[in-house]
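Hi,

Here is the structure I promised to pass on to you.

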Amino acid sequence: MRAEFAHEQAQTYLRQRNRFAVLAGVLGLTTLVSLGAAVTRDEQVVLVPITAERITVSSGGIDAPYLELVTRDTALMLLNRAPESLDYWMASILKLADPAAHGRLKAELVRIVEEQRGSDISQAFVIAEMHVDPKALTSTVTGTLKTFVGAQVIASQRRSFRFRWSKRGLSVALAGFEQLPTDKEEPGQ
């Protein structure tokens, strides 16, 4: 009788152990699937609505409308300046800079500040067209660059500027910018 009771008790423990083993296997598999989904899923951030369309940035890439808005705001900030706001102007642009390009951009901006500080020269840029390439992380802005001395316009020229961007995680940063030669200018002038 004791042997039967011990055998019955051992079988109960064996069935219970097997149920726990199956449950542990299912939980382990569920955990692995959840971790895999979390690692491979695109991250998304919903941005503040500044346009009629819904814009997001995901870890999978940057949408063209978002790159266009970033380019627009950066171009207007970079190309509209006056001697009274040069320090704020430079600090604002450097906040957008990619850490890898920060030193080079700062050197370019310091050169501009030194040229313009103490003068009465201001400039304003009016965007006429823009082209963005989210894959290459570049954008080109074309428009009219007006130069003022005091309140008098001394120059009004059609100019194009190229912006290079970098992406780190979900943020886009300015990696560089340059003025493109006009049709009348040769490269390197």
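A residue counts as buried under 20% relative accessible area, as exposed over 50%, and as partly exposed in between. Keep in mind that this is a predicted model.

Let's start with the salt bridges, of which the structure holds six. One of them joins Glu129 and Arg158, with N and O 3.1 Å apart. Glu129 sits in strand β4 and Arg158 in strand β6, 29 residues apart, so the pair links distant parts of the chain. Arg158 has 47% relative accessibility, which is why it counts as partly exposed. Glu129, at 35%, is partly exposed too.

Strand β6 also holds Arg162, which pairs with Glu178 of strand β7, 16 residues apart. Glu178 has a relative accessible area of 32% and Arg162 one of 31%, and each is partly exposed.

A further salt bridge connects Asp87 with Arg117, where the closest N and O atoms are 2.8 Å apart. Asp87 belongs to helix α3, while Arg117 lies in the loop between α4 and β4.

Now for the inside. The largest nonpolar core has 29 residues, and Leu78, Trp89, Leu109, Phe163 and Trp165 touch the most other members. Among the elements that give two or more residues to this core are α3 (86–96), β4 (121–133) and β6 (152–168). The largest share, six residues, comes from α2. Which residues does Trp89 touch, leaving aside those up to four places away in sequence? They are Met77, Leu78, Asn80, Arg81, Leu109, Ile112 and Val113.

Enjoy exploring!

Technical notes:
Residues are numbered from 1 along each chain as its sequence is written. This is a predicted model: local features need pLDDT of at least 70, side-chain atom pairs count only at pLDDT 80 or more; totals for chains, interfaces and linings use all residues. Side-chain values use heavy atoms; hydrogens and water are left out. A nonpolar core is a set of buried Ala, Val, Leu, Ile, Met, Phe, Trp, Tyr and Cys residues joined through side-chain atoms within 4.5 Å. Buried means under 20% relative accessible area, exposed over 50%, partly exposed in between (1.4 Å probe, protein chains only). Helices (H or I, at least four residues) and strands (E, at least two) are DSSP runs, numbered from the N terminus. Contact means heavy atoms within 4.5 Å. A salt bridge is a side-chain nitrogen of Lys or Arg within 4 Å of a carboxyl oxygen of Asp or Glu.
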